[in-house]
Amino acid sequence: MSLDDTVLDDPDALLALDRSRMLASTASAGAAIRQCLQVDAQQTLAPLVAQGRPRSLVVVGAGGSSVPGEVLSAVAGRGSPVPIFALGGPALPGWIGPMDLVVAVSASGATAETLTFVTEAQRRGSTVLGIGAADSPLQDLCSTSRGVTFWPVSRLSPLQDVQRARSLLWALSTPLILLAGEFGLVQHARHGLAGAANRLDERAVECGVNNLTPDNPAKELSIHLTSGLPLVWGSGEVGAVAARRLGRQLAENADWPGIVGVLPEAVRTHAGLLRGPWARPPGPDDIFRDRTQDEQPTPRLRVLLTRDAGEHPDTRDIADAVLQTCDRMDVACVSVMGSGGHALEQLADLVGLLDFASIYAALMQHRDPSVSAEDLDPRFGRAGGG
């Protein structure tokens, strides 16, 4: 592999490599929340709210559009009076029916399985909300179907670039959180979203292209992650979503593999990695070793803990034990904890940092972070881009 960490301190080179301006799109996440907050949500969501709380809230999506359901589940927490499910394709579970609310999320508005979800949910009598691109097949379907509501989301960044679904996390999540706020599933939803927008703006400044590596937490984190094999463990609801988000972003933006888990269960299944061959430093010289391997040393494990400020005390003990074990085993480990009073602020704090880090991980390889799966095989893109 070829990594050039010197490029991180060359803003002009970074911008030249970032041909689709993914850094700028990521920096506009706070603005995307504020744009949604300016919409008259009560009027748009009134037909859904008038029906009262559903038996369950089921969020369906594919690719980058699948994450908003996880975001909602995390910020609503396990105390939510309504169960929340984040599902992928290709079919709805058999139990979904007239008492359930199905939210179909598609950044492109053209994802095949998401359109199928809407048709199937309506056939079963479920209430449906569509969230996605305006003037899309999803909007057309929602406009011509009885009992289906639609919330349009622009795919254009402030610089008028067409954004990938993975860059639209907050634009796609905000309508969903506002709806959950109307149902009382997320307390102080608007306040939390406003705080999240502020935190994303702060991250955009801290992690911006002009901030050099020693003062840029995202650039430093990108070096940590690409110095070996990332092992990303999340704690609590918020930390778990952030960990899974980073795993996806590293794969999509940087073509970089990673192992993702959630504490405390992850230590029961992954802990052996901390003493395995990827974790151990090179041993004493062995005259019988295969010297053809000398030029390609095995990359070391790189641990990252994404922590929830409200993590359970038992989980906190496990996270602290991970830090101590990594120190004892000489395994490089970084721990980040979301800051902010509301769960949405904490999640924005973590995701803002991790999204920037994944893009810098791509740029260190002189790779365009906006490429997609369909560039490998057109069949991978048949779903419509999320």
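Buried means under 20% relative accessible area, exposed over 50% and partly exposed in between, computed with a 1.4 Å probe on protein chains only. The model is predicted: local features need pLDDT of at least 70, side-chain atom pairs count only at pLDDT 80 or more, and totals for chains, interfaces and linings use all residues. Residues are numbered from 1 along each chain as its sequence is written, and side-chain values use heavy atoms, with hydrogens and water left out.

**Stop 1: S65**

Select S65. S65 has a relative accessibility of 0% and counts as buried. Its place is the loop between β1 (56-60) and α5 (67-76); helices (H or I, at least four residues) and strands (E, at least two) are DSSP runs, numbered from the N terminus. Now show the contacts of S65, where contact means heavy atoms within 4.5 Å. Not counting residues up to four places away in sequence, S65 touches V105, S106, A107, A165, L172 and G386.

**Stop 2: the five-strand sheet**

Select β1 to β5. These strands form an open sheet in the order β2-β1-β3-β4-β5, with parallel pairing; two strands pair if DSSP finds at least two bridges between them. Which strands stand at the edges? They are β2 (84-87) and β5, each with a single partner strand, so one side of each has no neighbour in the sheet. Neighbouring strands of this sheet are turned by 20° against each other on average, direction ignored. Axes are lines fitted to C-alpha atoms, for helices over the stretch in contact, and angles run from 0 to 180 degrees between N-to-C directions.

Zoom in on β4 (residues 127-132) and β5, which pair in the parallel sense over five bridges. G132 stands opposite P152 in β5.

**Stop 3: F150**

Stay on strand β5 and pick F150, which is found there. F150 is buried, at 12% relative accessibility. Leaving aside neighbours within four places in sequence, its contacts include T44, L129, I131, A133, L138 and C142. Q139 is also in contact with F150; the two are eleven residues apart in sequence and 6.3 Å apart in space, C-alpha to C-alpha.

**Stop 4**

Is S167 buried or exposed? Its relative accessible area is 16%, so S167 is buried. Beyond residues up to four places away in sequence, S167 touches M22 and S25.

Next select helix α8 (residues 169-182) and helix α9 (residues 189-206), whose axes come within 9 Å and cross at roughly 160°. That makes α8 roughly antiparallel to α9; angles under 35 degrees count as roughly parallel, over 145 as roughly antiparallel, 65 to 115 as roughly perpendicular and the rest as oblique. On the α8 side the contact is made by W170, T174, I177, L178 and G181, and on the α9 side by A189, R190, L193 and L200. These residues divide into six nonpolar, two polar and one charged. Here Ala, Val, Leu, Ile, Met, Phe, Trp, Tyr, Cys and Pro count as nonpolar, Asp, Glu, Lys and Arg as charged, and the others, Gly among them, as polar.

**Stop 5: the four-strand sheet**

Select β6 to β9. This open sheet has the order β7-β6-β8-β9, with parallel pairing. Its edges are β7 (259-263) and β9 (332-337); each has a single partner strand, so one side of each is left without a neighbour in the sheet. On average, neighbouring strands are turned by 20° against each other, direction ignored.

Inside the sheet, strand β6 (residues 228-235) and strand β8 (residues 300-307) pair in the parallel sense over seven bridges. Pick V232, whose bridge partner in β8 is L304.

**Stop 6: the cysteines**

Colour the cysteine sulfurs. A disulfide is a pair of cysteine sulfur atoms within 2.5 Å, and by this rule the count is zero. C36 is in no disulfide, and the nearest cysteine sulfur, that of C142, is 16 Å away. C36 is buried, with a relative accessible area of 7%. C333 is partly exposed, at 26% relative accessibility.
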